[in-house]
Amino acid sequence: MPGTRSTRWVVAVPMAALALATVYPLVFTTNVAMKTRRDYTLDRFSPADSLRWDNIVKAWTSVGMSRYFLNSVVVVACSVALLLLLGSMAGFALGRLRFRGSSALLLGILAALFVPFQVIMVPLARIMTDTGLVDTYPGLVLAYVAQFLPFTIFLLASYYSTVPPEIIDAARIDGNTVYGVYWRIMLPIGAPALLSVGVLNALFCWNDVLISLLLMPSAQHRTLMVGVTSLRGQYSDDIPAFASGVLIAAIPVLVVYLFLQRQIADGVTAGSTKG
């Protein structure tokens, strides 16, 4: 059909351009990381002659990227675990249990999604300073949980609202308490949604710069993304070393996306297709 073929081209061409614009920075960064400073100065766009790992080793060892990497892993793991625990409980309560004010509470959580972090960053920094949580792992974990918990609750409440009520009624007849229904029934049923939301939250926390830069000022507590930004000042005249740091920070995200891309897509669309 001519009309169908034209429609496909109208969709395919912008999608191909968007894909190219997304992939090109990664290809360019990888190519620059494989060059020497001399090769980059002579021609920054030409392909690298060979695979050189010197710049990556230099970026990993010279500014403590290994410690930044470990800091990010600890903070992201603790944040995602706490987000899934609190989000699944609140999502089950708001999605399946009916109590006074539950609808207003869900609307309030939905409204919190539209509040930019820049609006609350000054009060948050003041609270963290007063409570002695600045420059500590628990402080950054709590900040991530506070920032991403509304998103987690909203998606999980949407997912749990699609669970047939007969399943919950049968579990209650079998003698399960509300906590038993949550632990034995809803958590296993919600495993796909928990995996999708967990992956998305891990990516959000891993890629964050602003919150970490605000709450973790010391060099030894920096996360990986903040450490990469410090490379720019230290290696402003050594772009291949800076590109190597960017590549180190991007590799875990790429690995997660390659293996869990279906769960990421499900998590992005969960709020619009369920509930």
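The largest pocket holds about 420 Å³ of space. This is a predicted model. The second largest pocket holds about 270 Å³. The count of cavities of 30 Å³ or more is 1.

**Largest pocket**
- Lining this pocket are 15 residues, and those closest to its centre are T22, L26, V253, L254 and Y257.
- At least two lining residues come from each of α1 (2-33), α10 and α13 (239-273).
- The top contributor to the lining of the largest pocket is α13, with 7 residues.
- By class, the lining has 12 nonpolar and 3 polar residues. No charged residue takes part in the lining of the largest pocket.

**Second largest pocket**
- The lining of the second largest pocket has 13 residues. Nearest its centre lie A112, V115, Q147, F148 and P150.
- α6 (117-130) and α7 are the elements that give two or more residues to the lining of the second largest pocket.
- α7 gives the most, with 6 residues.
- The lining of the second largest pocket divides into 12 nonpolar residues, 1 polar and no charged.

**Largest cavity**
- About 40 Å³ of space lies in the largest cavity.
- Its lining is made by S72, V75, V76, L140, Y144, C205, W206, D208 and T223.
- Two or more lining residues come from each of α4 (65-96), α7 (137-160) and α10 (191-207).
- α4 supplies the largest share of the lining of the largest cavity, 3 residues.
- By class, the lining of the largest cavity has 6 nonpolar, 2 polar and 1 charged residues.

**Packing of α4 on α10**
- Two packed helices are described by the angle between their axes and the distance between the axes.
- The axes of α4 and α10 come within 9 Å. They cross at roughly 140 degrees.
- That angle makes α4 oblique to α10.
- The crossing of α4 past α10 is right-handed.
- On the α4 side, the contact is made by F69, S72, V73, V76, S79, V80, L83, L84 and S88.
- On the α10 side, the contact residues are L194, V197, G198, N201, A202, C205 and W206.
- The contact of α4 with α10 comprises 11 nonpolar and 5 polar residues, with no charged ones.

- α10 gives residues to the lining of the largest pocket and to that of the largest cavity.
- α7 gives residues to the lining of the second largest pocket and to that of the largest cavity.

How values were computed. Residues are numbered from 1 along each chain as its sequence is written. This is a predicted model: local features need pLDDT of at least 70, side-chain atom pairs count only at pLDDT 80 or more; totals for chains, interfaces and linings use all residues. Side-chain values use heavy atoms; hydrogens and water are left out. On a 1 Å grid over the protein atoms alone, a cavity is a set of points where a 1.4 Å probe fits but cannot get out, and a pocket is an open set with protein on both sides within 12 Å along at least five of seven lines; lining residues have an atom within 4 Å of a point. Grid points are joined across faces, edges and corners, and a volume is the space filled by probe spheres set on the points. Helices (H or I, at least four residues) and strands (E, at least two) are DSSP runs, numbered from the N terminus. Ala, Val, Leu, Ile, Met, Phe, Trp, Tyr, Cys and Pro count as nonpolar, Asp, Glu, Lys and Arg as charged, and the others, Gly among them, as polar. Axes are lines fitted to C-alpha atoms, for helices over the stretch in contact, and angles run from 0 to 180 degrees between N-to-C directions. Angles under 35 degrees count as roughly parallel, over 145 as roughly antiparallel, 65 to 115 as roughly perpendicular and the rest as oblique. A crossing is left-handed if the near helix is turned anticlockwise from the far one by less than a right angle, and right-handed if clockwise. Contact means heavy atoms within 4.5 Å.
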